[in-house]
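Please consult the sequence and structure shown below while reading.

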Amino acid sequence: MSADQRRDQVLDAALIEFAQGGLAGTSTDAIAERAGISQPYLFRLFGTKREMFIAAASRCFDNIAEAFAVAADGLAGLDAMRAMGESYHGLIADRDNLLAQLQMYAACGDADIRDCARAGFRKLYNQVSAATGAGPAELALFFARGMLCNVATALQLDEVEEPWAQALRDPDPFCRE
């Protein structure tokens with residue numbers, strides 16, 4: 001297996017582990033064990049745990065960008081926006097992807113992690129803008145709805161049959177039960 005393939009394998013394992021423990025609470029031993037490699041090899045691939053966390057955070061944004069591109073292919077305007085929203089809902093249904101993303105936001109007290117998150121959001125904003133032709137207000141609403149979907153999914157509001165939970169888990173077509 002090439003170093004790039006091994007690096008991808010480690011990022012898959014890191015994403016799962018960071019989803020549960022965040023940057024501070026995740027051990028590199030756990031990541032190495034999940035990836036099936038030694039801890040020294042882990043550090044040859046990624047100089048530090050923090051660098052690995054940033055790479056995993058970038059992977060989260062890459063996953064979203066790829067899903068958006070596939071969903072919007074051949075579409076424009078509101079149709080593209082709806083398709084991207086639906087594809088995002090599918091991504092966050094995977095709790096590891098969702099929780100890793102939330103752990104990244106929680107770690108934004110670190111300037112480099114914050115820069116990574118900003119760059120990822122910028123990339124997605126520009127992608128959605130180009131695919132839909134939406135203006136700033138529509139784009140802000142699209143991303144706000146996505147964040148509400150994150151919270152509703154993290155709280156597993158689909159399991160709560162109370163009016164407040166129902167309203168928050170399905171505010172519009174971009175979030176669905």
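Asn 150 is buried, because its relative accessible area is 0% (buried means under 20% relative accessible area, exposed over 50%, partly exposed in between, with a 1.4 Å probe and protein chains only). The model is predicted: local features need pLDDT of at least 70, side-chain atom pairs count only at pLDDT 80 or more, and totals for chains, interfaces and linings use all residues. Residues are numbered from 1 along each chain as its sequence is written, and side-chain values use heavy atoms, with hydrogens and water left out.

Asn 150 lies in helix H8; helices (H or I, at least four residues) are DSSP runs, numbered from the N terminus. Apart from neighbours within four places in sequence, Asn 150 contacts Tyr 88, Ile 92, Leu 98, Gln 101, Leu 102 and Tyr 105, where contact means heavy atoms within 4.5 Å.

## Helix H5 and its cover

Helix H5 comprises 16 residues (residues 77-92), and at 1.5 Å a residue it should span 22 Å, which agrees with the 23 Å between its end C-alpha atoms. The expected span is 1.5 Å times one less than the number of residues.

The buried residues of H5 include Tyr 88 and Ile 92, as well as Met 81, Met 84 and His 89. Among the elements that cover the buried residues of H5 are helix H4 (49-72), helix H6 (95-106), helix H7 (111-132) and helix H8 (136-154).

## Packing of H1 against H6

Helix H1 (residues 3-25) packs against H6 at an angle of about 55 degrees, and their axes are 8 Å apart. Axes are lines fitted to C-alpha atoms, for helices over the stretch in contact, and angles run from 0 to 180 degrees between N-to-C directions. H1 and H6 are therefore oblique to each other (under 35 degrees counts as roughly parallel, over 145 as roughly antiparallel, 65 to 115 as roughly perpendicular and the rest as oblique).

In H1, the residues that meet H6 include Leu 15, Ile 16 and Phe 18; their counterparts in H6 include Leu 99, Ala 100 and Gln 103.

Thr 28 is in helix H2 (residues 28-35) and is buried, with a relative accessible area of 10%. Leaving aside neighbours within four places in sequence, Thr 28 touches Gln 39, Leu 42, Phe 43 and Lys 49.

Gln 156 is in the loop between H8 and helix H9 (163-169) and is partly exposed, with a relative accessible area of 30%. Although Gln 156 is not a glycine, its phi is positive, at about 50 degrees. Most residues other than glycine have a negative phi.

Technical notes. Helices (H or I, at least four residues) and strands (E, at least two) are DSSP runs, numbered from the N terminus.
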